[in-house]
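I opened my notebook to look up how some side chains pair up here. Come and read along with me.

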Amino acid sequence: MTCSSTMAAPRTTAAGAPVAGAARPFHPIHVHVHVRLRDGGSAMLRPLVGGEVSVLETVFEGLSTRSRRQRFLVPMPRLPSSHRRALADVDGQRHVAWVALVDGEPVGICRYVTTGPGAAELAFEVADAHQGRGIASALVDAVTTVALSRGITWMEATVEPGNLASEAVLARVGIDLFLSDGVLEGRGELRPASPSRINRRAVLALAGQGATSASTAAATSSS
């Protein structure tokens, strides 16, 4: 399950190199929010840390050729370095991303990138082996919860026609899609997903700690 979005512009040093921390591993990072999945399993959600390229690559490798095309709207046999830099350039404000982990392995990511005052663009992807479990819904719920808390009131998204699962996820948060130039595009007034897939207070508490929190406590919820 994937939903496309415009890339965030990569942030680099004056010499054009990616920001520090690009090789940071994904395993030692702070707190998670526990989510119960539709099939009785569970996932752990947390904010993506700036420069966590390894997480991006792990999720990308779990996407089929079809899922990659749905996410990026073009064939994507590999993740170009420019895309890696842009997708890892999260700052917790302008560009917010959360990752879902199952048994410690990254399996999905959802993000928003602001496009103007009170507006942002949403995108998400879930590895094929874990699609249909409710991971996308939980991630979108978490990311839009953070967005609403930070004054984002309008959200937009782009989806490949026929991606019914992503359409349903977006409809839950107020984004209705219409065919335009061969793709589905939509913009809507952001609303909390109902019913919620997550413990929103736990999400906001974790988001408020900042991307470099060293805490290791866990918060739990069910869906």
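I looked up Asp 141 first: at 0% relative accessibility it counts as buried (buried is under 20% relative accessible area, exposed over 50%, partly exposed in between, with a 1.4 Å probe and protein chains only). I kept in mind that this is a predicted model, where local features need pLDDT of at least 70, side-chain atom pairs count only at pLDDT 80 or more, and totals for chains, interfaces and linings use all residues. Residues are numbered from 1 along each chain as its sequence is written, and side-chain values use heavy atoms, with hydrogens and water left out.

Which residue meets Asp 141 in a salt bridge? I found Arg 200, at 3.1 Å from N to O (a salt bridge is a side-chain nitrogen of Lys or Arg within 4 Å of a carboxyl oxygen of Asp or Glu). Arg 200 is in helix H6 and Asp 141 in helix H4, 59 residues apart (helices, H or I with at least four residues, and strands, E with at least two, are DSSP runs numbered from the N terminus). Arg 200 is partly exposed, at 25% relative accessibility.

Next I searched the whole structure and noted 10 salt bridges. One of them joins Arg 84 and Glu 57, with the closest N and O atoms 3.5 Å apart. Arg 84 lies in helix H3 and Glu 57 in helix H1, so this pair ties together parts 27 residues apart in sequence. Arg 84 is partly exposed at 24%, and Glu 57 is partly exposed at 35%.

Then I turned to helix H1 itself. I saw that 7 of its 9 residues are buried, so H1 is largely enclosed by the rest of the structure. Among the buried ones are Val 53, Leu 56 and Phe 60. The buried residues of H1 pack against several elements, including H2, H3 and strand E4 (contact means heavy atoms within 4.5 Å).

How many aromatic pairs are there? I counted 1 aromatic pair (rings of Phe, Tyr and Trp, its six-membered ring, pair if their centres lie within 6.5 Å; planes under 30 degrees apart count as stacked, over 60 as edge-to-face and the rest as tilted). Phe 60 and Phe 72 form it, tilted, at 6.2 Å centre to centre and 55° between the planes. Phe 60 lies in H1 and Phe 72 in H2, so the pair ties together parts 12 residues apart in sequence. Both Phe 60 and Phe 72 are buried.
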